[in-house]
Every structure is written in C-alpha cells, then in structure tokens.
Amino acid sequence: MKGFFKSSIGKKLVMSITGLFLILFLLFHMSMNIVAIISGEAYNKVCEFLGTNWYALAGTAVLALGFLFHLVYATILTIQNRKARGNDRYDNQNLPAGVEWSSKNMFVLGAIVFVGLILHLSHFWSKMMFAELAGCEGLQFGATDGAAWINYYFSQWYNVVIYLVWFVAIWFHLNHGFWSAFHTLGASNSKWIPRLKCISTWFTSIVMGGFALTVLVAFFTAK
Amino acid sequence: MAEGHKSLNLTLKVWRQAGRNAQGQFKEYTVSNISTEASFLEMMDILNEQLIETADPDGPVAFDHDCREGICGMCSLFINGRAHGPDDDITTCQLHMRKFNDGDKITIEPWRSGGFPIIKDLMVDRTAYDKIMQAGGFVSVSTGGVPDANAIPIPKPDADEAMDAAACIGCGACAATCKNGSAMLFVSAKVSQLALLPQGKAEAARRAKAMVAKMDELGFGNCTNTGACELECPKSVSISHIARLNREFLKANIKD
C-alpha cells in the first residue's frame with residue numbers, strides 16, 4: 001500500500017469512503033428529524049440519549065474527522081485538477097447532453113454545503129451538545145430540548161428559505177457523489193452505472209426530502 | 001460530384017501559435033466553394049493551399065492527421081466547442097462538411113490540456129500517452145506461438161468487453177474534454193483490454209500500478225466521474241472501464 005494515498009485513485013478513494021460515511025450520517029440525521037415531526041417529546045428523548053455521552057462525543061469526533069478529510073482531499077484534488085487542466089481554456093466548449101451539472105460543480109456545491117453547515121452548527125450544535133459540554137446557561141431553551149430549537153428557528157421564514165436552498169445544494173452534491181463513490185470503489189460496471197444513478201437520485205431525494213419536510217412541518221405548525 | 005451536394009462559404013477561426021512557448025491567437029480565414037461532400041480535413045487542406053498561394057505570413061496551419069479513416073488517433077481538433085467536432089462517435093477525419101451550413105463560422109482549436117502542450121498551431125504533443133503505454137500497457141510474459149482457437153477458453157462477454165476497450169485509439173479527446181485534464185479513460189481502456197484476457201491477467205497488478213503511477217507523474221488530473229470523456233470519445237469507450245481500473249489498482253495495492 002506504499003504511496004497508495006498519494007496516488008490519484010488513492011485520493012479519490014478517501015473522498016468516496018468519507019463521502020459514503022457522511023451520507024450514512026445524513027440518513028441517520030434525517031431519521032432523527034422524522035421523529036421530531038411525529039413527536040417532539042420522542043425527539044427530545046433521542047437528544048437526551050445522545051447528549052454528551054462518550055459514544056455521542058466519539059461519534060461526533062469521528063464525524064468531524066471524516067468531514068475534515070473529505071474537505072482537505074477535495075481541496076487538494078481541485079487544486080491538482082486545475083493545474084492539470086492547464087492555463088489555456090477553450091474559446092467555447094459545448095459538452096453534449098449527459099454530463100451532470102452537479103458533477104462539474106462539486107467543489108462549489110461543497111463550499112455551499114460547508115457554509116450552510118457552519119450556520120446549522122451555530123443554530124443547533126452550539127446550543128445543544130456544545131452548550132452542555134461548556135456548561136452554558138441562560139439559553140432560551142434547554143440543551144436537550146431539540147424540538148423547541150427546531151420550532152424556534154423554523155418558525156422564521158428566512159431560516160426556512162436558507163435551509164431549503166442549502167438542502168437543494170446538498171441534493172445536487174449527493175446525487176452525483178453517491179454513485180460516483182461506488183464507481184471510485186470499483187463497485188460499478190456498465191450495467192450498474194445507470195442503476196446506481198437511479199438509486200442515487202431516489203436515495204438523495206428521500207433523505208433531502210425528509211430534511212425539507214422537517215423544516216416545512218415546523219414552519220407551518222409554528223404557533 | 002454526386003447529385004445533392006452543396007457548396008459552402010465559411011469563415012474559419014483558427015488558433016495560430018508559432019511554437020511551444022510562443023503566444024498564440026485566433027486568426028480568421030474565409031474559404032469558398034467547399035463541397036458538403038468534402039471531409040473536414042480536406043477543407044483544412046484547401047485552406048492550407050490557399051494560405052500557401054497567398055503567401056500568408058503565418059504559413060499553412062499545422063495539424064495532425066495520418067490514416068484519415070478513424071483508426072490511427074492522430075487527428076485531434078476541437079471544433080466548435082467539441083472534441084472531433086459536432087458529430088458523435090467519430091474522429092475529426094471522419095467529420096464531413098455536410099454537418100455545416102453555408103455562412104457558418106467554425107472555431108478550430110487544439111486540445112487544451114496540461115498533459116498535451118501545443119507544438120504548433122493545432123498540433124499537440126501527445127507523447128505522454130506513449131509514456132503511459134511504455135510503463136505497462138503491454139504483455140511481457142511469453143504467450144507462445146499462435147494457439148488453437150479453443151485452447152484458452154474466453155467467455156464471449158469478456159472478449160467483447162476487452163475488444164470494446166481495445167477500440168481506444170489514444171487520440172486524447174478524453175483528457176482534452178475533461179475539466180480535470182484526467183487521462184483515466186485512456187488508462188482504464190488500456191488496463192481493461194488486457195486485464196479481461198487470460199494472457200494479460202498475469203501482469204494485471206503490476207500493469208495497473210505502473211500505468212497509474214506514470215499517469216500521475218506526468219501531471220494528468222484526478223477523475224471526478226463527470227462522464228464527459230465517454231461522451232466525447234470517438235470510439236465510445238465506456239467509463240465502466242474506469243471502475244475496473246479502480247478495482248485493479250485497489251487489488252494490486254492490497255496484495256502488496
């Protein structure tokens with residue numbers, strides 16, 4: 001394996017494994033959010049269960065590490081690819097239909113996802129897990145009252161708009177990233193490429209639809 | 001000329017560059033009375049005759065060509081924003097003027113990719129592909145004399161897929177089209193065509209590692225699976241070969 005992670009395929013492998021790990025987390029997060037739609041009380045129980053327990057902290061650390069690797073490797077790959085493309089650009093380039101828009105803009109979409117994530121962490125993580133760890137007091141709602149935080153932030157229309165735009169960016173990022181990750185792992189062939197693309201669209205739509213539903217339900221049921 | 005042909009008057013916007021390190025620029029030329037039955041390269045020949053006759057200070061336009069029947073991979077023009085022009089699954093030499101209309105302005109550029117530096121005008125240096133082939137794109141084990149056709153059974157789907165990969169002519173349209181300047185489609189086709197066959201399997205691990213290492217060393221970009229290469233490949237080489245290359249490379253490294 002010497003030099004494997006310095007090779008182009010090795011770096012892409014890191015992107016695919018960390019990407020699939022983050023996708024799994026999103027599935028888990030979305031499932032949690034669906035609980036919030038059904039019952040705020042049940043959602044708060046989940047928040048309590050996770051809280052600042054060692055397993056939740058370890059999970060968060062691994063997640064942050066996965067995200068960091070994904071981000072660092074994406075930046076390295078993008079810089080290398082720009083260099084490999086050379087300085088001269090075509091006067092015009094008309095790519096035939098069939099090249100996904102998202103596949104050409106993964107880094108930009110990733111940057112939007114990152115900015116949205118900072119906002120999301122400042123809205124929720126900083127007021128929940130971090131507040132509990134840091135012993136912050138005097139906040140509007142308790143650190144394990146996730147349902148109250150959801151209802152508070154998504155009763156504001158501008159947050160709803162920002163989050164929905166963010167979800168659209170994640171949808172595009174994931175729609176390409178999901179099947180592309182399997183392709184990079186070599187788990188693909190001419191039969192499975194269209195199948196993986198189809199699964200990718202359905203999976204991404206279900207996950208991001210679940211997130212959007214949480215926001216919209218909170219907005220329309222806000223008192 | 002056969003019935004039904006038309007004559008075209010065209011404006012050509014052609015990239016002119018005196019040498020590898022010279023500053024290039026577009027120059028416009030007009031060509032008249034071009035038959036729709038002419039090939040694109042014949043039209044370029046007519047332009048060059050015109051430039052020689054008129055003693056154009058830049059001289060004739062340098063461009064690569066050889067077999068003119070779509071198998072050698074020499075022709076390499078980026079025409080109106082597409083590698084090998086506005087038709088699918090063909091090389092530049094197979095492109096005909098019937099694809100254009102009278103009065104059209106045609107933009108002709110060389111491959112623009114870090115791995116293919118411009119030599120002159122529309123000619124680029126594609127020796128990087130040769131170097132990748134030299135690194136491992138061959139079978140070095142003794143395969144003996146011509147065996148009986150059934151001596152080594154090869155499943156038909158494998159033989160077909162190997163032949164599809166072997167259709168790659170190394171023209172460079174994949175890397176030239178790729179926004180990352182990646183040569184993965186080329187390398188994957190060359191790895192696949194041998195990895196699928198018994199004679200090539202013996203060296204599959206060494207081949208995958210050596211060719212990828214050379215590709216990286218030569219500064220080609222990292223594949224992000226946009227699929228643009230497959231769409232612009234004149235031989236329709238599938239990106240499924242890239243998945244196979246990834247598998248072969250991963251297997252080779254795990255074995256170490």
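Chain B is divided into domain 1 (7-120) and domain 2 (127-255), with bounds from an automatic or database domain assignment. This is a predicted model, in which local features need pLDDT of at least 70, side-chain atom pairs count only at pLDDT 80 or more, and totals for chains, interfaces and linings use all residues. Residues are numbered from 1 along each chain as its sequence is written, while chains are lettered from A and ligands numbered from 1 in the order in which they are written.

The C-alpha centres of domain 1 and domain 2 of chain B are 29 Å apart. Contact between these domains involves 18 residues of domain 1 of chain B and 17 residues of domain 2 of chain B, where two residues are in contact if their C-beta atoms, placed from the backbone, lie within 7 Å.

In chain B, an open sheet of five strands has the order S2-S1-S5-S3-S4, with mixed pairing. Strand S2 (25-35) and strand S4 (82-83) of chain B are at the edges with a single partner strand each, so one side of each has no neighbour in the sheet. Helices (H or I, at least four residues) and strands (E, at least two) are DSSP runs, numbered from the N terminus; two strands pair if DSSP finds at least two bridges between them. Strand S1 (residues 7-16) of chain B pairs with S2(B) in the antiparallel sense over nine bridges. B:Trp15 stands opposite B:Phe26 in S2(B). Helix H1 (residues 40-53) of chain B lies across S1 and S2 of chain B and runs at about 110° to S2(B).

The contact between the chains takes 39 residues from chain B and 38 residues from chain A. H9(B) supplies the largest share of the chain B side, nine residues.

In chain A, the axes of helix H8 (residues 157-184) and helix H9 (residues 192-220) come within 8 Å and cross at roughly 160°. Axes are lines fitted to C-alpha atoms, for helices over the stretch in contact, and angles run from 0 to 180 degrees between N-to-C directions. H8(A) and H9(A) are therefore roughly antiparallel (angles over 145 degrees).

The table gives residue classes: Ala, Val, Leu, Ile, Met, Phe, Trp, Tyr, Cys and Pro count as nonpolar, Asp, Glu, Lys and Arg as charged, and the others, Gly among them, as polar.

| H8(A) with H9(A) | 17 residues | four residues | one residue |

Notes: Angles under 35 degrees count as roughly parallel, over 145 as roughly antiparallel, 65 to 115 as roughly perpendicular and the rest as oblique.
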